[in-house]
Amino acid sequence: MATDPVLGFTGHTPIVAIGTRSKIMDSGQLVWTIVIIVVALVILGLVLFFVQRRKKEKDHERAETLRQSAVDDELNARESEAKAARAAADAKQAQVDADRLQEEARSQNADAQSARSSAHEQAKRAQSLDPDAETRGSQNLDSSDARQDPIDDSNQPNRPSGTENGRANRDDGATGH
């Protein structure tokens with residue numbers, strides 16, 4: 001058999017050259033290296049799994065907080081809308097009440113005007129029937145005319161003597177007939 005001086009082979013068995021070191025790992029070291037790599041990958045996978053799980057839990061908690069906040073905001077909005085509707089209804093009721101009172105005031109004013117007109121008519125008839133109508137009747141009519149305009153009494157001419165609050169005092173013993 002021939003020997004190759006460069007490679008150092010003689011036949012089938014490899015011979016390591018003198019002064020060189022073997023770089024071949026034995027099978028036990030290779031297995032341990034693979035086991036360590038696999039364990040490291042498993043640990044890394046578990047860490048990533050738990051980190052993602054914790055992140056999902058935090059996201060879930062934040063989402064739940066946001067949902068609760070949205071429900072609270074919705075309830076507050078409904079309450080505000082109900083208060084606004086109540087205020088609008090109160091305002092509308094107040095307007096209806098004001099309209100009703102105004103109509104009642106108009107009706108009472110019309111009744112008062114009718115009563116005043118009727119009283120004035122009776123005073124005119126009484127004046128036409130009374131023989132002393134020239135002296136006493138003109139004073140009564142003047143004072144009843146003064147009562148028809150209750151807005152401003154300061155612009156009225158001087159009232160005849162013997163009147164109080166626009167009515168003539170009767171000291172002549174009349175019984176009202």
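1. Glu 64 is partly exposed, because its relative accessibility is 40% (buried means under 20% relative accessible area, exposed over 50%, partly exposed in between, with a 1.4 Å probe and protein chains only). Arg 67, at 46%, also counts as partly exposed. These two residues form a salt bridge, with the closest N and O atoms 3.3 Å apart (a side-chain nitrogen of Lys or Arg within 4 Å of a carboxyl oxygen of Asp or Glu).

2. A word on the source: this is a predicted model, where local features need pLDDT of at least 70, side-chain atom pairs count only at pLDDT 80 or more, and totals for chains, interfaces and linings use all residues. Residues are numbered from 1 along each chain as its sequence is written, and side-chain values use heavy atoms, leaving out hydrogens and water.

3. The count of salt bridges comes to nine. Among them is Asp 59 with Arg 62, at 3.2 Å from N to O; both lie in helix H1, three residues apart, about one turn of the helix.

4. Arg 53 bridges to Glu 57 at 3.8 Å between the closest N and O atoms, and Arg 54 joins these two in a network of salt bridges. Arg 53 is partly exposed at 45%, and Glu 57 is partly exposed at 34%.

5. There is one aromatic pair.

Definitions and conventions: Rings of Phe, Tyr and Trp (its six-membered ring) pair if their centres lie within 6.5 Å; planes under 30 degrees apart count as stacked, over 60 as edge-to-face and the rest as tilted. Helices (H or I, at least four residues) and strands (E, at least two) are DSSP runs, numbered from the N terminus.
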